[in-house]
Amino acid sequence: DLARQPSLGRPNALEIGRPAAAKLGQTVGGADVWTVGYTPQRVVAVWLGYPQADKTEARPLLSPLAAAGLWNALTKYAHTELTYAAWEEPSGLVTLNVCTPSGLLPTTACPQVVSEIFIPGNEPTQPDNLYRIYQVNRQTGLLATVFTAPELIEEQVYLKVPANAAEWAQEAGLDTPPEDYDVIFSAPAADPDVSIAAPALFDYVSGEVRITGSAAGEDFAFYRLQVGEGLNPRQWLQIGEDNDESVPEGTLAVWDTEGLNGLYAVRLTVVRGDQTIETAITQVTVDNQAPDVQISYPEEGQTFAYPAQRNLTFQAQVSDNVEVARVEFYVNDVLVTSLSQAPYIAPWTGTAGVHTLEVRATDLGGNQASAEIAFEIEQ
């Protein structure tokens, strides 16, 4: 009943005073309407429509609610002499707490956790990727950077919806995260002798990251590179040893980010002979977690008839802890299509034979993952 109230209102014709599952339906032209539903004890189906001979003539459109009203009356009558019965839970099910609306495992950012029932082997294994914690400048409401004053930075939880759902989220009045970075507190003017050229500010990185730039100038003594987690790191870890060889333009160090994820600050410090120091800093997002890829259609080993079923629409579910950059569909190692946002579906016209479908996903950090299944079109 609760699931139907947002669309049908309260009360509505599908409420019969006892547990019931029901569905309304109609043909495109509105000449046929029906309601099919069941309780733990009875199944009831109601159809209303015009005779086949009259469907070509102009007739008033029928409402599915008319069929629902008849279904309500007939279902109640069918239970007149039956005692109240609730649904019986089948044995072997798994009950698990998940984050709503994603249905994935709860995280510290998840505002609402619900209990859901799963068939064993179908439980979610990935953490929720819709609700995320963002650090913002509380004055501007924009994403904070390493240059934002620490006293203005606060953590806020936002619903990160897919790009194709952004308009819906706005119309629904949902709070979505800011996309722009705070520009009130910006990076100081770059010193050509003390600078980080790459990775650039706000880049996504993974694996071994080559840090390039300049560490030079008059009275140069040595330089060091450090990284710290978060926008205002409490602890800095040094990359390699202090280097007493100046680098006018080139590689400063190689940073191994294995096992790291999240926001990091990279700081270059140049020490002069008179013990004065100069620094350059950049902010990056480390992403070493590959996307999760699952092919939902077709299934492994599924068989189709040629030529009636040669036109297929592949479907895949792809998620990532940061953001998916692209999803590619390959059949027999030949690219079918490349998509940058959900839904990840790919129409394909096939030939008879055994085929291999591979779905490859790449995230913003360059991490890749794939899933592969075999299917057959029989002639």
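Val205 has Val286 as its bridge partner in strand E15. E15 covers residues 277-286 and runs parallel to E9, with 3 bridges joining the two. Strands here are DSSP runs of at least two residues (helices, H or I, need at least four), numbered from the N terminus, and two strands count as paired if DSSP finds at least two bridges between them.

A quick word on the model: it is predicted, so local features need pLDDT of at least 70 and side-chain atom pairs count only at pLDDT 80 or more, while totals for chains, interfaces and linings use all residues. Residues are numbered from 1 along each chain as its sequence is written, and side-chain values use heavy atoms, leaving out hydrogens and water.

Back to E9 and E15: they belong to an open sheet of 5 strands, in the order E9-E15-E14-E11-E12, with mixed pairing. At the edges sit E9 (203-205) and E12 (237-243), each pairing on one side only.

Further along the chain, here are some more pairings:

| Strands | Sense | Bridges |
|---|---|---|
| E19 (residues 324-331) and E22 (residues 353-363) | antiparallel | 7 bridges |
| E22 and E23 (residues 368-378) | antiparallel | 10 bridges |

On the E23 side, Ala361 has Ala369 as its bridge partner. What do E22 and E23 form? They make a hairpin with 4 residues between them, and Gly366 in the turn has a positive phi of about 90°.

As for what holds such strands together, strands of a sheet pair through backbone hydrogen bonds, either parallel or antiparallel.
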